[in-house]
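Subject: Handover of a structure, with notes

Dear colleague,

Please find below the structure that I am handing over to you. I would be grateful if you read the notes with the model open beside them.

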Amino acid sequence: MTHVVIYGQTLSGKSTLAKRLATKYKKEGIGVLVFDPVNDPDWPCDFKTDNWEEFLNAYWNSEKCMVFIDEAGTVCKRFAQDAIKTATMGRHRGHINHYICQRANLLDLTIRDQASHLFLFNSGLKDCVMHSEEWNAQELKEGTGLKTGEYFYKSRMGNISRNYLFKNENE
């Protein structure tokens, strides 16, 4: 597995999924690094910061971690060269980055192309069309109708599935 992208509109479930994944990784004994510009205290992690330089220091001085970059659209534009480097070279340190973003077009194409796994929550039509083209999955166009906590999961070369964070809301 290389990197992961988690896309969706505000309040669609992106952060909830990311924190659940971080919890799972921690339980498996895998290190979790988080860059969160809003500094949310609820991240289950080994290291968290809202300081980019601090984050990069921890990132390049660690190995085999699950890494979460929240608000990736803004962060990866502001620190473009460094962000692209984490996407293209981070896997050589064993890191798997999780880019959490409202819209894919806010992430550089190089970063998007490095991702091998997609979690798509409710998104606008233009975004869903872009996802369907980039991930070769026409079903992703249906992302406009996903409810809160409902998402598509797709691996780069695999099948697509529809999943739910909150079972009772969507049954």
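This is a predicted model: local features need pLDDT of at least 70, side-chain atom pairs count only at pLDDT 80 or more; totals for chains, interfaces and linings use all residues.

Residues are numbered from 1 along each chain as its sequence is written, and side-chain values use heavy atoms, with hydrogens and water left out.

**The whole protein**

The secondary structure comprises seven helices and eight strands. Both are DSSP runs numbered from the N terminus: helices are H or I with at least four residues, and strands are E with at least two. The radius of gyration, taken over C-alpha atoms, is compared here with a globule rule of 2.2 Å times the number of residues to the power 0.38. The protein has a radius of 15 Å, close to the 16 Å that this rule gives for 171 residues, so it is as compact as a globular protein of that length. The C-alpha trace spans about 40 × 35 × 30 Å along its principal axes.

Of the 171 residues, 47% count as buried. Here buried means under 20% relative accessible area, exposed means over 50%, and partly exposed lies in between (1.4 Å probe, protein chains only). The protein exposes about 8,500 Å², of which carbon and sulfur atoms supply 47%; such areas come from the Shrake-Rupley method with a 1.4 Å probe, and for residues only the protein chains shown count as cover.

A contact means heavy atoms within 4.5 Å. Among contacts with a separation of 6 or more, 60% are between residues 24 or more positions apart.

Two strands are said to pair if DSSP finds at least two bridges between them. S1 pairs with S6 in the parallel sense over five bridges, and with S5, also in the parallel sense, over four bridges. Ile 6 stands opposite Phe 119 in S6, and its bridge partner in S5 is Ile 100.

**The nonpolar cores**

A nonpolar core is a set of buried Ala, Val, Leu, Ile, Met, Phe, Trp, Tyr and Cys residues joined through side-chain atoms within 4.5 Å. In soluble globular proteins, nonpolar side chains tend to be buried together. The largest core here has 30 residues, and those with the most contacts inside it are Val 5, Tyr 7, Phe 55, Ile 69, Tyr 99 and Leu 107. Elements that give two or more residues to this core include S1, S5 and S6, while its largest share, four residues, comes from H2. Another core, of 18 residues, lies apart from it, and among its members are Leu 17, Leu 21, Tyr 25 and Val 32.

Tyr 99 deserves a look of its own. Leaving aside residues up to four places away in sequence, Tyr 99 touches residues that include Val 5, Ile 69 and Leu 107.

**Salt bridges**

Side chains of opposite charge can pair when their charged atoms come close. A salt bridge is counted when a side-chain nitrogen of Lys or Arg is within 4 Å of a carboxyl oxygen of Asp or Glu. The structure holds eight salt bridges.

One of them joins Lys 19 and Asp 40, at 2.3 Å from N to O. This pair links distant parts of the chain, since Lys 19 is in helix H1 and Asp 40 is in the loop between S2 and S3, 21 residues apart. Lys 19 is buried at 17% relative accessible area, and Asp 40 is buried at 19%.

Arg 93 and Glu 63 form another salt bridge, at 3.7 Å from N to O. They too link distant parts of the chain, 30 residues apart. Arg 93 is partly exposed at 27%, whereas Glu 63 is exposed at 53%.

Asn 39 has a positive phi of about 55 degrees although it is not a glycine. Asn 39 lies in the loop between S2 and S3 and is partly exposed, at 35%.

With kind regards
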